Amino acid sequence: MKVLVPVKRVVDYNVKVRVKSDGTGVDIANVKMSMNPFDEIAVEEAVRLKEKGAVTEVIAVSCGVTQCQETLRTAMAIGADRAILVETPADLELQPLAVAKLLKALVDKEGPSLVILGKQAIDDDCNQTGQMLAALTGMPQGTFASKVEVAGDKVSVTREVDGGLETVSLSLPAVVTTDLRLNEPRYVTLPNIMKAKKKPLDIVKPADLGVDVAPRIKTLKVGEPPKRGAGVKVPDVATLVTKLKTEAKVI
Amino acid sequence: MTALVIAEHDHGTLKSATLNTVTAAAALGGDVHVLVAGHNAAAAASAAAQIAGVAKVLHADAAALAEGLAENVAAQVIALAPGYSHILFPATAAGKNVAPRVAALLDVGQISDITKVVAADTFERPIYAGNAIATVQSADATKVITVRTTGFDPAAASGGSAAVETVAAAADSGKSSFVGREVTKSDRPELTAAKIIVSGGRALGSNDKFMEVLTPLADKLGAALGASRAAVDAGYAPNDWQVGQTGKIVAPQLYVACGISGAIQHLAGMKDSKVIVAINKDPEAPIFSVADYGLEADLFTAVPELVAAL
């Protein structure tokens, strides 16, 4: 069976972003970009399923600007067999619903049995695309997965929920979104980076897939979060307790 | 203009997140209805009818809704959606699971984790791990929203007298089934609703030390226990204790961070706490930049001292 793994190019998780002074957004010019950490976990899981023999082909997909090709090459260095870039203009804000529609078009074309996405992207923090894709394709969903087991025409997914863990069984084809604890993504090695350069990467446009990608939600303004007042260092535990009791009055 | 709040409940009682979501729904300015979808959840439905400000409770009862499977709950919401301008879910694991599915079926964008209602179509929400706040406007006919519960006060759980109306339950999708659940046992307050949280990081060193050092402090304060991702990944604490961008978002009266350096992903989950105390032996730890009271000390001596002093 085939697995489709959507990956997103985002500002690296270690970068502390700055809000632009004109309030139009976050300054991402000249900052380090990498693959969304949850998507790395998704690629790793797909490749592990392939290594176990449950999967025959892993296809990585990204939607966005030309530079997303680098993200796809990383996915192929981890072990994806080929890649598809849905290329969109740099000035277009791609929102989860549009990405889900693009992915649905690719699902219709490629017919994967499983789509594995990250649970959320660390830039827009939406946590929507996987669920939306499942809705549009009519597939069942296993979100926030910490364990995935394929058996026959079903996939069993252990999910991280608020009170602990929960396991669901889904009929294939299905959509799974990854949580942090699903696996530890491997480091890409230099030989694999070289090999990934030779793997096929197709580029398509949203119009080729017949999808309208216009944003549905308008960003009016992006501002700084409220700043906290400067704190104080206390010399010892006794002072801390006194301050909490008399100054902050929280205990 | 009427808003529908999807209640989170365990069939017998409502989860407190529902109350915060009702407050957000009331801020939109129209009527507020609450959907209780479940199996044998009449008690939860009558609890929802008591919430101040709720005009009507819709109760859907079917075995297929018992475990909150996204496919079935989404179908239930879709069946009721035509009557509503806004559909709100708490931004909990359950709400985040279902809301985008509903939005896509309605062909509308979804707005995640709102922290403020600016107008009936305009909302504030944090992005980039809370390092920026976006003000967003939706032109869609139906607004599907998840509500960050720490951004809104809970509605009063009593004082309301809404009518409970039974609605037809959606059919089982047949595509997914519930297998089982492993609940983390805890006598402590729920993390997201706790007034005080004691949280530990990698510096604790082991699960035994984590419990041995932090439990007495949490007991003394009547606090919930939390953890950083590093502590959870190392196996010192269960997954659902994780506070941060990808774990729980909390805003207690007092947050005590012990041996937590304060990575941006962790700060995103707790920096709206009223008072933050940091105990860390590294004077350069970023946690000190958000702490109201910082104590530069070895937590293995400072925490027991703190317990003794309280």
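How many salt bridges does the rule count over all chains? In this predicted model, the count comes to 30 salt bridges over all chains. One of these joins the side chains of Glu51(A) and Arg186(A), with an N to O distance of 2.8 Å. This pair links distant parts of the chain, since Glu51(A) belongs to helix H1 (residues 37-51) of chain A, while Arg186(A) is placed in the loop between S10 and helix H5 (190-196) of chain A, and the two residues are 135 residues apart.

Salt bridges are also found between the two chains, where the count for chain B and chain A is seven. Among the residues involved are Arg216(A) and Asp107(B), which form a salt bridge in which the closest N and O atoms are 3.5 Å apart. On the side of chain B that touches chain A, the residues divide into 38 nonpolar, 24 polar and 20 charged. The contact as a whole draws 73 residues from chain A and 82 residues from chain B, and the area buried between the chains is about 6400 Å², with carbon and sulfur atoms giving 53% of that area. Across this interface, 48 residue pairs are found in polar contact, counting pairs in which both residues are at pLDDT 80 or more.

Strand pairing also connects the chains. Strand S13 (residues 232-234) of chain A pairs in the parallel sense with strand S16 (residues 293-296) of chain B, over three bridges. Within this arrangement, Lys233(A) stands opposite Gly294(B), a residue of S16(B).

A further sheet that takes strands from both chains is open and consists of 10 strands, in the order S11(A)-S5(A)-S4(A)-S1(A)-S6(A)-S10(A)-S7(A)-S8(A)-S9(A)-S11(B), and its pairing is mixed. Its edges are formed by strand S11 (201-204) of chain A and strand S11 (176-183) of chain B, each of which pairs on one side only. On average, neighbouring strands of this sheet are turned by 25° against each other, when direction is ignored. The bridge partner of Leu114(A) in S10(A) is Ala174(A).

Another open sheet holds four strands in the order S12(A)-S8(B)-S7(B)-S6(B), and here the pairing is antiparallel. Strand S12 (217-223) of chain A and strand S6 (116-119) of chain B stand at the edges with a single partner strand each, so one side of each is left without a neighbour in the sheet. The twist from one strand to the next averages 30°. At the chain B end of this order, S6(B) and strand S7 (residues 122-127) of chain B pair in the antiparallel sense over three bridges, and Ala119(B) has Thr122(B) as its bridge partner in S7(B).

Most residues other than glycine have a negative phi, and most peptide bonds are trans. In chain A, the peptide bond from Leu172(A) to Pro173(A) is cis, with omega near 0°, and Pro173(A) lies in the loop between strand S9 (164-171) and S10 of chain A. In chain B, positive phi values occur in residues other than glycine, including His11(B), for which phi is near 80°, and Asn40(B), for which phi is near 55°. His11(B) is found in the loop between strand S1 (2-6) and helix H1 (16-26) of chain B, whereas Asn40(B) is found in the loop between strand S2 (31-38) and helix H2 (42-50) of chain B.

Conventions
Residues numbered from 1 in each chain as written. Chains lettered and ligands numbered in written order. Predicted model: local features only at pLDDT ≥ 70, side-chain atom pairs only at ≥ 80, totals over all residues. Heavy atoms only, no water. Contact = heavy atoms within 4.5 Å. Buried area = accessible area lost by both parts, 1.4 Å probe. Salt bridge = Lys/Arg side-chain N within 4 Å of Asp/Glu carboxyl O. Polar contact = N/O pair within 3.5 Å; in protein donor to acceptor, adjacent residues only side chain to side chain. Nonpolar A, V, L, I, M, F, W, Y, C, P; charged D, E, K, R; others polar. Pairing = 2+ DSSP bridges. Axes fitted to C-alpha atoms, helices over the stretch in contact; angles between N-to-C directions.
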